[in-house]
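Please give a short briefing on this protein.

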Amino acid sequence: MENWDDLRFVVALARYGTMSKAALYLRTNTATVSRRIKRLHETTNTLLFQKSGSEWELTTEGRRLFEMAAGFSDDLRSFHATTPSGLQTTQTLRVTALDFLISTVLSKSLNAFTTRHPNVTLELSGSNNRVSLAYGEADIALRLTRPTEGRLVAHRIADIRMGIYGPKNCTSKDWIGLTFDLDWTPEMKNGLAFFSREPKLRTSSFQGILQAIRSTGQPGILPEIMAKDQPDLQCLQPHEEMRLRELWLLYHETRKEDAVLRSTCRWLEDSFASVFE
């Protein structure tokens, strides 16, 4: 293989599934990704990817190459991060978290991060979609459930209290909840028990619930750290009946010696400690 840099394109396409997403990750264009993958097919005389619907999937030989390339990439990144210049290196670090955690906590402590890491570009993704830390889709994840699978390092960094909130002098018997697929969560079980009925409105995020409360006058479930900054809202249930969710900080175990990642974890822990102290 003449150009080892082509392996970056194999890893990106395998992780993201489409050439457009791989190009976005690599900060290039779709034509370049296509050209590099085609060149690898030709130089190795091996079919590495096959189209399946709208995405590209690895063949058996392609997976062998991907696993070697991904392992080498992670090892090289970890090695570089442990060198004296690791903290000074220009790089991008991706953190995925629920949107309300970004807006209510992390966005307020960004100055501390940029001061500590002037050469690091931080990407905060407000999503609860499952991402692969092993495949590099994110470097750190903040989640309200601790995963039981995978080679992940997990630290519990906070307890998030969830409750029922509504406008002051609220009289509506209808309420606003999360989507059906989240009925298993403690906060939705709390709402179903409190109101003894299905929600009249459902949305996929707490930001959506907050906006719906204001536009309809109906109460809904919200995290306490989000609701306490809303002077027009009040808690409608006793404090002791609110539900607690554990907040977990997660990263892949291959990154545990990464100096920038460890420092970012400390920033995340400090950010939540300042809110819950």
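What percentage of the 277 residues in the protein is buried? Buried residues make up 44% of them. The model is a predicted one. Its secondary structure consists of ten helices and eleven strands. Of the contacts between residues at least 6 apart in sequence, 74% join residues at least 24 apart.

**Helix H3: extent and ends**

- Helix H3 covers residues 30–44, which is 15 residues.
- From the first C-alpha of H3 to the last is 21 Å, close to the 21 Å expected at 1.5 Å a residue.
- Asparagine 45 follows H3 and has a positive phi, near 55°.

- The buried residues of H3 are Thr32, Val33, Arg36, Ile37 and Leu40. Viewed down the helix axis, the buried residues of H3 fall within an arc of 130°, so they line one face of the helix.
- An α-helix has 3.6 residues a turn, so residues three or four places apart point the same way.
- Arg35, Lys38 and Glu42 are exposed, on the other side of H3.
- The partners of the buried H3 residues are helix H1 (7–16), helix H2 (19–26) and strand S1 (49–52), against which they pack.

**Packing of H2 on H3**

- Two packed helices are described by the angle between their axes and the distance between the axes.
- For H2 and H3 the packing angle is about 105°, and the axes are 8 Å apart. H2 is therefore roughly perpendicular to H3.
- On the H2 side, Met19, Ser20, Ala22, Ala23 and Leu26 take part in the contact. They meet Thr30, Val33 and Ser34 of H3.

**Tyrosine 25**

- Tyrosine 25 belongs to helix H2.
- Leaving aside residues up to four places away in sequence, tyrosine 25 touches Ala12, Tyr16 and Arg94.
- Between tyrosine 25 and phenylalanine 9 there are 9.8 Å in space, C-alpha to C-alpha, and the two are 16 residues apart in sequence.

**Positive phi in loops**

- Asparagine 169 sits in the loop between strand S6 (152–167) and strand S7 (176–178). Its phi is near 65°, a positive value in a residue other than glycine.
- With a relative accessible area of 72%, asparagine 169 is exposed.
- Serine 196 is in the loop between helix H7 (186–195) and strand S8 (201–203). Although serine 196 is not a glycine, its phi is positive, at about 55°.
- Serine 196 counts as exposed, at 64% relative accessibility.

**Arginine 255**

- Is arginine 255 buried or exposed? At 4% relative accessibility, arginine 255 counts as buried.
- Arginine 255 lies in the loop between strand S11 (243–252) and helix H10 (259–276).
- The side chains of arginine 255 and aspartate 258 are joined by a polar contact of 2.8 Å.

Key:
Residues numbered from 1 in each chain as written. Predicted model: local features only at pLDDT ≥ 70, side-chain atom pairs only at ≥ 80, totals over all residues. Heavy atoms only, no water. Helix = DSSP H or I, 4+ residues; strand = E, 2+ residues; numbered from the N terminus. Expected span 1.5 Å × (residues − 1). Buried < 20%, exposed > 50% of the residue type's maximum accessible area, 1.4 Å probe, protein only. Arc of directions from axis to C-beta. Contact = heavy atoms within 4.5 Å. Axes fitted to C-alpha atoms, helices over the stretch in contact; angles between N-to-C directions. Parallel < 35°, antiparallel > 145°, perpendicular 65-115°, else oblique. Polar contact = N/O pair within 3.5 Å; in protein donor to acceptor, adjacent residues only side chain to side chain.
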